[in-house]
There are 2 protein chains.
Amino acid sequence: MGKEESGITVSKNSDFSEWYTQVVLKAKLADYAPVKGLIVLRPDGYSIWESLRSTFDKKFAKNGIRNGFLPILIPESLLGKEEKHFAGFNPEVFWVTHSGDNKIGEKLALRPTSETLAYTMYSKWIQSWRDLPLKMNFWNTALRAEIKATKPFLRTSEFLWQEGHTVHATQEEAEKEVMIILEIYKKTVEDELAIPIVTGKKSEKEKFVGAEYTTTMESIMPDGKALQMGTSHFLGQNFSKPFEVKFADKDNVEHFAWQTSWGVSWRLIGAMIMTHGDDKGLVLPPKVAPMQVVIVPIYKNDEGKDKVLPKVDEIRKNLESKEIRVHVDDRNELSPGYKFNDWELKGVPLRIEIGPKDIEKQSMVIAKRHNREKSSLSFSEIGKIGEILDEIQVEMLKKAKDQAKDNTTSISDYSEFKSKIEDGGFFCAPWCGKLECEEKIKEETGADIRVIPFGCENINKKCMYCQEQSISIPIFARGY
Amino acid sequence: MGKEESGITVSKNSDFSEWYTQVVLKAKLADYAPVKGLIVLRPDGYSIWESLRSTFDKKFAKNGIRNGFLPILIPESLLGKEEKHFAGFNPEVFWVTHSGDNKIGEKLALRPTSETLAYTMYSKWIQSWRDLPLKMNFWNTALRAEIKATKPFLRTSEFLWQEGHTVHATQEEAEKEVMIILEIYKKTVEDELAIPIVTGKKSEKEKFVGAEYTTTMESIMPDGKALQMGTSHFLGQNFSKPFEVKFADKDNVEHFAWQTSWGVSWRLIGAMIMTHGDDKGLVLPPKVAPMQVVIVPIYKNDEGKDKVLPKVDEIRKNLESKEIRVHVDDRNELSPGYKFNDWELKGVPLRIEIGPKDIEKQSMVIAKRHNREKSSLSFSEIGKIGEILDEIQVEMLKKAKDQAKDNTTSISDYSEFKSKIEDGGFFCAPWCGKLECEEKIKEETGADIRVIPFGCENINKKCMYCQEQSISIPIFARGY
């Protein structure tokens with residue numbers, strides 16, 4: 001592959017979609033699998049998922065949630081037990097009909113989500129109040145046949161995710177859990193991936209099939225489209241009744257339990273790429289970067305090599321001792337310029353350059369990936385690298401917040417909305433609460449109600465569409 | 001569930017198979033899923049898998065292996081690209097034929113193993129010697145339709161495993177990798193699960209379909225049957241040729257690469273249960289136990305409660321500060337005896353009992369799960385708990401080694417073998433190397449060649465079956 005081909009050949013502004021695909025493939029995060037709709041994760045891509053998993057696992061554990069394993073195959077009859085749920089998922093379910101040359105009795109679904117399977121098990125496991133709350137999480141994949149063009153991390157027929165399923169004795173406790181999870185999601189995405197989040201509720205039309213209500217976190221992408229980043233559902237007793245998830249209370253009376261389910265997927269990685277990447281390629285937030293610092297030793301024809309390399313090694317060891325993920329690019333035959341481009345493409349947050357002149361000055365050049373600023377740092381200040389990485393993390397979130405703010409508009413005039421939606425963005429607009437208006441707006445503009453932000457309920461204005469009294473100010477946007 | 005039902009109702013010696021199933025279900029490690037052949041892991045079962053995964057991940061990383069993700073669906077044509085491989089797996093493959101109501105073009109296999117998919121990707125990713133070695137690992141599940149009765153962790157149609165796939169420039173390097181992995185496997189299983197291992201090669205008949213040769217680790221279970229604990233395959237160029245995994249060497253000449261693949265599954269958990277469990281239930285090695293120490297505060301009618309509980313809390317905090325996984329069983333209404341049985345069933349390595357009399361004596365009772373020994377430890381010796389857990393780990397391995405030794409017999413007389421194999425065990429017996437003898441022995445006794453231990457090749461004796469010159473002394477046994 002020539003040098004030109006290996007870099008990104010379109011700008012983020014001119015062709016966002018092509019830019020995104022090139023970044024994913026050329027930064028070697030992922031690649032297309034042989035089956036349409038499926039992707040493979042390469043080590044740098046999977047490593048980001050591992051980092052997120054590890055962070056979530058710690059937070060889930062603190063909240064009393066434990067991991068388990070569910071098989072991928074669900075019998076058709078089980079998937080069909082909650083009717084609305086089944087109707088919602090059926091068109092995109094992959095069905096197993098044969099094993100070897102033999103037709104199997106009842107066809108089996110590849111899990112589109114595991115409510116029906118998990119709750120079949122829960123109904124066996126839960127007998128009394130002592131067994132509650134039951135809070136489990138599953139790191140697996142879900143499969144939903146995608147007919148549109150594959151978009152790595154955003155639109156694939158199999159995706160990595162976690163799905164949590166909790167059971168509670170009271171409605172109040174279950175509803176509290178829904179919010180605790182949503183808050184863990186929001187904080188993790190903002191702290192780790194430096195992506196700002198709006199949380200709130202989905203409309204009735206957009207809620208999870210089978211839920212009482214769905215809370216969601218939404219983000220605005222640089223192309224003006226909204227991305228659903230994760231959802232936390234209050235299921236009420238909609239599943240506990242058909243699946244008989246019951247418990248005997250202290251007074252020995254049987255009750256149906258109250259349930260929640262919630263999930264985030266590798267779509268978060270897609271959001272990270274879109275939010276932070278630039279024309280040179282990927283830009284990784286330090287907290288999730290597989291490699292946080294790359295050191296490029298600089299010398300020509302081995303001149304100064306004997307001075308540079310020992311210093312490089314010393315700095316590497318120093319950073320490693322502080323658990324900073326560092327790599328030395330000591331590849332021969334490749335120019336520093338080539339290496340700089342390579343690591344910029346891959347989004348490494350900080351580059352350190354050390355050549356013979358730096359050794360003389362007892363300092364090194366540091367280059368930040370996210371704003372491409374270069375500066376000098378004396379060897380004695382090596383202890384500051386950790387802080388610098390933290391600063392980068394903060395700056396990236398701040399920049400993304402500013403962008404999101406610029407992309408968010410309050411609006412009440414429908415014709416103005418219709419014109420502005422063409423350029424994308426989040427639009428906060430009053431809505432009467434009627435499905436009819438929601439559907440008309442979708443039909444005429446392609447925009448959905450993405451989220452009714454918390455605090456934007458019960459606001460008495462006039463519906464942007466029908467001019468009747470509004471019940472809330474949702475965010476409308478076109479979505480992924 | 002009554003007290004009697006909740007304990008194990010058969011002895012390990014009298015009905016090993018029923019004993020095993022009861023331990024798995026009643027210790028709440030796993031449960032049967034609605035589809036025949038599939039199981040669900042509950043938190044205590046999955047936690048053991050997480051512990052193993054974490055240990056392997058660290059060792060793999062040190063050896064330059066990185067994790068990735070492969071989708072579960074493999075097109076039929078791809079699975080069929082290496083003929084022997086396909087013929088070997090085809091009868092047990094689950095096939096997806098529909099998505100929603102639509103028949104899909106080419107039917108898709110649920111991965112029985114990922115060689116064909118991984119190497120399709122590798123052939124795209126590898127161009128030159130710079131891209132080698134390529135060493136990746138995948139934590140996923142494999143699916144192989146089981147027609148026999150489900151045995152949790154041992155015989156299921158979907159199982160958790162890791163599959164590693166490496167590519168090398170030279171045969172020598174690939175063969176070395178095969179052995180490095182086998183050694184990581186052996187050491188991890190012995191150190192973490194306290195199960196002794198025999199390593200060596202599989203016979204031609206028993207090797208992985210598509211491999212040049214297969215190295216294996218085998219263990220003998222207490223019922224005298226052998227269990228294959230993991231395999232590491234040298235694939236030679238058997239896959240690199242059909243899948244065109246090629247690289248340009250420094251001299252710019254193209255070569256086919258040399259490959260390895262290797263895997264262990266949750267079967268290791270099954271082996272752990274069988275090896276260490278007893279008539280009271282599960283016995284967990286401290287290193288993988290989700291809970292290493294349980295503290296049971298003892299008082300009647302709240303008498304002494306005010307003295308006992310603060311001390312219990314102090315000890316819990318002390319152990320937690322040393323990263324010992326500790327739990328306090330402060331459930332009301334349950335007797336100490338009930339709690340002891342409960343935690344013994346669940347295999348917690350160490351129980352601490354503290355009552356008002358212990359407070360007076362400034363000491364606690366400690367009860368080891370693996371040998372059921374009780375002793376007294378003064379409060380001032382709390383710092384020794386970590387050592388005691390280490391000792392338990394060592395004692396468990398020693399005991400298992402002694403058992404394995406007792407179950408291993410050198411034998412050269414075939415009629416003696418035929419009689420002794422009925423009681424199970426490992427039998428080291430000379431073999432001529434001919435498939436015919438191997439097949440006859442299997443036919444007449446049900447015993448396979450499990451492994452040709454390293455160091456047992458080229459031994460010149462007389463084949464147990466045909467009396468011709470032997471080429472090795474394999475271990476024969478009936479297997480799971």
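Me: Strand β11 (residues 226-236) of chain A pairs with strand β14 (residues 258-265) of chain A: in which sense, and over how many bridges?
Reply: The model is a predicted one. In it, β11 and β14 of chain A run antiparallel to each other. The sense is antiparallel, and the count of bridges is 5.

Me: Which strands of chain A are the edge strands of the sheet?
Reply: The open sheet of chain A has 11 strands with mixed pairing, in the order β3-β7-β8-β14-β11-β10-β9-β22-β23-β21-β20. An edge strand here pairs on one side only. The edge strands of chain A are β3 (66-67) and β20 (408-410).

Me: Helix α6 (residues 115-125) of chain A packs on the sheet; which strands is it touching, and what angle does its direction make with that of β8(A)?
Reply: The contacts of α6 of chain A are with β7 (134-143), β8 (158-168) and β14 of chain A. Relative to β8(A), the direction of the helix makes an angle of about 30°.

Me: In chain B, how many bridges join strand β10 (residues 213-220) to strand β11 (residues 226-236)?
Reply: Both strands belong to chain B and run antiparallel. Met217(B) has Gly230(B) in β11(B) as its bridge partner. The number of bridges joining β10 to β11 in chain B is 8.

Me: Why is one side of β3 (66-67) and of β20 (408-410) of chain B left without a neighbour in the sheet?
Reply: The sheet of chain B is open and mixed, with 11 strands in the order β3-β7-β8-β14-β11-β10-β9-β22-β23-β21-β20. β3 and β20 of chain B stand at its edges. One side of each has no neighbour in the sheet because each has a single partner strand.

Me: Where do strands of chain A and chain B pair with each other, and over how many bridges?
Reply: The strand in question is β5 (residues 94-99), which is present in the pairing from both chain A and chain B. The two run antiparallel, with Phe94(A) opposite Ser99(B) in β5(B). The pairing is β5 of chain A with β5 of chain B, over 5 bridges.

Me: Which residue in the turn between β5(A) and β6(A) has a positive phi?
Reply: β5(A) also pairs with strand β6 (residues 102-110) of chain A, antiparallel and over 4 bridges. His98(A) stands opposite Lys103(A) in β6(A). The two strands form a hairpin with 2 residues between them, and the one with a positive phi, of about 60°, is Gly100(A).

Me: What is the relation between chain A and chain B?
Reply: Chain B is superposed on chain A by a rotation of 180° with 0.0 Å of shift along its axis, and the RMSD is 0.0 Å. That is why the relation is that of a two-fold axis. In chain B, the C-alpha nearest this axis is 2.1 Å from it and belongs to Val96(B). The same surface serves both copies, since 100% of the contact residues of chain B recur in chain A; the relation is that of a two-fold axis.

Me: How are α3(A) and α7(A) placed to each other, and is the crossing right-handed or left-handed?
Reply: The axes of helix α3 (residues 43-62) and helix α7 (residues 171-193) of chain A come within 11 Å and cross at roughly 140°. Leu52(A), Thr55(A), Phe56(A) and Lys59(A) in α3(A) meet Ile184(A), Thr188(A) and Glu192(A) in α7(A). At that angle the helices are therefore oblique to each other, and the crossing is right-handed.

Me: Which strands pair with strand β17 (residues 350-354) of chain A?
Reply: Of the 5 residues of β17(A), 4 are buried. Strand β15 (residues 293-297) of chain A runs parallel to β17(A) and is joined to it by 5 bridges, with Val294(A) and Arg351(A) as bridge partners. Strand β18 (residues 363-368) of chain A pairs antiparallel over 4 bridges, and there Glu353(A) stands opposite Val365(A). The partners are β15(A) and β18(A).

Me: How many residues of helix α8 (residues 267-276) of chain B are buried?
Reply: Among the buried residues of α8(B) are Arg267(B), Met272(B) and His276(B). The helix is largely enclosed by the rest of the structure, because the buried residues number 10 of the 10.

Key. Residues numbered from 1 in each chain as written. Chains lettered and ligands numbered in written order. Predicted model: local features only at pLDDT ≥ 70, side-chain atom pairs only at ≥ 80, totals over all residues. Least-squares fit on C-alpha atoms with pLDDT ≥ 70 in both. Contact = placed C-beta atoms within 7 Å. Pairing = 2+ DSSP bridges. Axes fitted to C-alpha atoms, helices over the stretch in contact; angles between N-to-C directions. Parallel < 35°, antiparallel > 145°, perpendicular 65-115°, else oblique. Left-handed = near helix turned anticlockwise from the far one by under 90°. Buried ≥ 20, exposed ≤ 12 C-beta atoms within 10 Å, placed from the backbone.
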